Number of protein chains: 2
Amino acid sequence: MAASPYQQLEEEFRRVHAFRGALALLRWDSAVMMPRGSAEVRGEQLAALETECHAILVSPKVSRLIDRAHANSQSLEDWQLANLREMRRQRDHALATPNSLVARLAKASARAELYWLEARRTNRYADFAPHLAEVLQLIRDRAGLLGQHLGLAPYDALIDEYSPGVTAADIDTLFKSLARRLPTLVREAIDLQAATPSLPITGKFAPAKQRALCLEVLKAVGFPFDRGRVDESEHPFTEGTAGDIRITTRFEAGDPFQGLLGALHETGHAMYDLGLPKEWRDQPVGRNRGMALEGSQSLFIEMLVARSRPFLTYLKPLLEKHYGVSGPEWEVENLYRHLTRVRRGPMRADADELTYPAHILLRYDLEKRLLSGELSVTDLPEAWNEAAQSRLGLRPANDVEGCLQDVHWAVGQFGYFPAYALGSLIAIQLWEKLRAANENLDDEISRGQFEGLFTWLRERVHSAGAKLTVQDLVKEATDRPLSAAPALRYLEAKYLEPR
Amino acid sequence: MAASPYQQLEEEFRRVHAFRGALALLRWDSAVMMPRGSAEVRGEQLAALETECHAILVSPKVSRLIDRAHANSQSLEDWQLANLREMRRQRDHALATPNSLVARLAKASARAELYWLEARRTNRYADFAPHLAEVLQLIRDRAGLLGQHLGLAPYDALIDEYSPGVTAADIDTLFKSLARRLPTLVREAIDLQAATPSLPITGKFAPAKQRALCLEVLKAVGFPFDRGRVDESEHPFTEGTAGDIRITTRFEAGDPFQGLLGALHETGHAMYDLGLPKEWRDQPVGRNRGMALEGSQSLFIEMLVARSRPFLTYLKPLLEKHYGVSGPEWEVENLYRHLTRVRRGPMRADADELTYPAHILLRYDLEKRLLSGELSVTDLPEAWNEAAQSRLGLRPANDVEGCLQDVHWAVGQFGYFPAYALGSLIAIQLWEKLRAANENLDDEISRGQFEGLFTWLRERVHSAGAKLTVQDLVKEATDRPLSAAPALRYLEAKYLEPR
């Protein structure tokens with residue numbers, strides 16, 4: 001019997017999935033292994049593969065098959081219907097971006113990433129700026145075309161790529177109450193914490209020791225070392241594909257926690273990937289539900305699990321073992337105070353959970369202005385510094401602590417940052433639900449048992465793949481609509497707690 | 001103006017080149033970085049990319065363009081004509097292998113390589129055998145189809161992939177005089193050397209120190225670290241693409257030279273790649289002239305350059321520096337005796353220059369018998385051991401020292417081994433010519449100056465790309481036809497030299 005239109009579509013998307021897996025590895029290699037002088041060649045490879053994926057999605061064959069599969073959709077099961085919807089969504093996004101633009105974007109962002117790495121090293125934003133400008137112009141073209149095609153404002157069209165179905169207006173609504181309460185909450189928390197200072201944690205912690213600690217913790221957490229890798233790179237990231245997931249982190253001798261927490265953050269992504277429905281792993285519906293959900297999973301581990309007394313109870317003997325440390329500053333309560341310290345700082349990646357949203361709002365505003373043309377790439381450093389002054393209450397010492405700190409824009413990821421904010425709200429709403437459902441959670445975490453936690457996340461979140469919209473997924477997982485209320489409850493309880 | 005058929009062909013082959021570059025990286029990663037459990041997923045990616053390359057080559061579009069470009073070939077320059085010939089050659093090879101076979105081969109060989117790595121570790125050939133059998137059957141199918149299409153015997157068709165235009169009969173002719181003289185020459189050399197034993201070189205040499213020494217030597221040799229990497233893997237290899245070349249080696253604490261010589265061997269490949277004509281780097285004519293030429297370049301460095309008194313004069317102070325060694329056994333003459341010691345041994349990779357051809361003849365015979373079905377995969381270990389007894393004068397202690405020592409067959413490379421033998425003859429013929437042309441060569445090498453040497457190779461060999469046939473390339477480079485006579489002269493002079 002000949003393959004049905006739907007089955008033929010699955011075959012086409014299986015090819016796309018394989019090429020995307022290859023792309024993921026090429027990108028991972030670019031950041032972790034590749035010699036500097038190979039950027040041009042790598043850019044050509046990335047461009048050829050992106051172009052090929054794009055060509056499949058926009059091919060008349062795929063559009064014809066989608067139409068025919070829709071005409072026969074009564075014979076499809078729920079998952080297949082959702083898969084068909086995701087196929088159409090990917091096709092629509094691709095159709096809205098012409099082939100030549102895809103290839104130019106791939107090349108320009110590969111180049112810009114290299115220059116970003118260099119500029120971060122030398123603190124010379126000016127060397128990076130022309131490459132960012134090139135990427136921005138291409139993204140602007142893309143946003144216009146995408147918006148036209150999808151009937152969305154240009155910026156909303158970009159957001160849709162990362163947080164399917166979510167608009168800037170949705171984010172504004174979700175964030176309004178949070179934005180109103182946060183400034184006073186930050187101030188109150190800082191005042192309160194001033195009364196209970198933590199003992200300073202100082203010293204040098206050899207990267208090799210940090211790596212060993214990190215690997216032991218990741219093993220307990222359940223990171224799939226047989227189908228994944230943990231490496232080091234300038235900026236922590238997760239790359240790879242279902243069945244070959246690769247995370248990176250960065251160890252700094254002066255900070256015993258940053259590398260570990262970075263790795264735990266990325267492990268949240270890796271565990272999401274691991275929990276996706278295996279039978280759909282090479283199909284659109286079997287992938288993650290966009291970056292907002294991804295963000296929720298990484299923040300869940302880094303912020304909610306790892307910066308808790310139960311987790312630190314588990315961690316304490318491991319710190320003693322690997323770092324050979326002891327003393328009052330290494331007691332659980334002091335570690336907890338240290339790691340939940342609210343501090344106005346310039347770096348998003350180092351930000352505490354309470355000031356983190358401010359970092360996102362800053363980027364959210366600036367990228368809107370960059371895209372609209374209201375802000376030029378040349379003026380970005382100064383605009384960043386001013387925004388930091390007003391939103392974070394400080395001025396970055398240099399561009400490395402300012403507009404050079406994130407890779408996202410260099411690689412064309414405009415519309416991505418809001419997903420972090422959304423992810424934070426989702427994470428807390430999931431956390432509140434999980435705690436209500438499992439009264440032994442703290443106990444399990446303090447004993448280094450993470451299986452129950454991940455089983456719950458797998459059942460409630462991961463296993464849904466891309467079957468539901470973001471909002472429906474959160475509602476099914478937590479039995480109520482996504483809102484900022486759980487986040488406010490959680491942050492007030494955690495940061496205004498009498499100590 | 002619309003692109004000409006020839007220009008359109010260049011564009012198609014540029015895509016093939018980019019996909020092959022991606023394939024090269026995926027393969028490198030499989031052997032050096034990839035977690036074990038990801039083999040299945042990687043196999044799918046390799047298969048999808050191989051299938052895509054294949055689909056381009058066999059597409060009606062490419063065949064049509066080739067015909068039209070031929071019809072207008074009077075407007076093409078020499079290089080373009082040669083490029084067109086190479087395009088046609090690749091197309092013919094591809095047309096002879098159906099798509100499904102390409103994909104099955106890619107998957108089966110990815111799997112077999114993993115099992116080979118494991119079997120090498122455990123010395124359990126039986127665990128590997130079914131996977132080798134699967135690859136062999138697929139290769140047999142391929143050889144039949146290829147031979148039919150190209151009008152060649154099945155085995156000749158496979159050889160043609162690695163040594164374009166060369167047949168088994170050519171190799172037999174070239175090797176006849178060598179095969180006749182070698183057995184007595186080996187015996188005479190062993191007897192002669194018995195009278196002048198070298199002082200034993202023993203001790204443990206930490207891999208980290210070996211790595212540091214290796215990197216310093218490779219830097220002097222000119223390995224392009226800005227466009228390449230040096231890593232470690234089970235079996236040394238070169239992978240990658242023009243502009244991102246990656247070699248591996250293996251350091252063993254008990255042997256201070258093996259890792260270095262392995263790296264120098266692979267560096268021969270890397271320097272060939274580096275010297276290919278840049279303006280043609282993404283076209284068929286800009287690639288290497290097959291594995292026989294590749295083999296000549298690696299053996300040139302490992303055997304002719306590195307195992308010479310001038311090179312050891314250069315190396316001696318580096319050994320002192322990195323290994324902290326001194327004493328009579330580390331004097332140049334003793335090192336030379338040590339590294340040119342003729343010894344009957346089981347491992348090809350460890351073989352000296354004089355017994356090396358016997359290792360190739362052994363494989364050459366066995367792979368012919370495996371392909372014809374005269375020898376079964378199950379019987380391979382015993383057949384190997386018997387052949388080793390008669391050709392090498394010894395019986396391997398186990399399969400790791402026998403039929404498990406090389407990766408080639410696992411990954412489907414039947415017809416490859418003869419290229420090593422051919423490569424050895426070519427290397428020596430080039431060496432004889434270079435020495436006659438540059439009387440300062442020894443002097444330069446002993447001072448660690450390799451630029452003159454590589455400039456000569458670049459001008460005479462590398463820069464020709466795939467413009468000429470193997471035989472014409474050797475003739476142009478050395479001003480005489482390829483023969484075994486220089487090899488016999490060289491080996492007699494070197495190994496029957498009165499010491």
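Reader: Which residue of β3(A) is the bridge partner of Gly240(A)?

Author: Within β3(A), Gly240(A) has Ile245(A) as its bridge partner. Please note that this is a predicted model.

Reader: How many bridges join β2(A) to β3(A), and do the strands run parallel or antiparallel?

Author: Strand β2 (residues 238–241) and strand β3 (residues 244–249) of chain A run antiparallel, and four bridges join them. The pair forms a hairpin with two residues between the strands. In the turn, Gly243(A) has a positive phi of about 95°.

Reader: Turning to the domains, what does the assignment give for chain A?

Author: The assignment gives domain 1 (5–131) and domain 2 (168–495). Their C-alpha centres lie 26 Å apart.

Reader: How is the size of an interface often given, in general?

Author: It is often given as the accessible area lost when the parts come together. Here the description is by residue contacts: 28 residues of domain 1 of chain A are in contact with 28 residues of domain 2 of chain A.

Reader: Which elements give two or more residues to the side of domain 1 that touches domain 2?

Author: They are α1 (5–32), α4 (78–95), α5 (99–122) and α6 (125–150) of chain A. Of these, α1(A) gives the most, with eleven residues. The residues on this side of domain 1 comprise 15 nonpolar, six polar and seven charged.

Terms used
Residues are numbered from 1 along each chain as its sequence is written. Chains are lettered from A and ligands numbered from 1 in the order in which they are written. This is a predicted model: local features need pLDDT of at least 70, side-chain atom pairs count only at pLDDT 80 or more; totals for chains, interfaces and linings use all residues. Domain bounds come from an automatic or database domain assignment. Two residues are in contact if their C-beta atoms, placed from the backbone, lie within 7 Å. Ala, Val, Leu, Ile, Met, Phe, Trp, Tyr, Cys and Pro count as nonpolar, Asp, Glu, Lys and Arg as charged, and the others, Gly among them, as polar. Two strands pair if DSSP finds at least two bridges between them.
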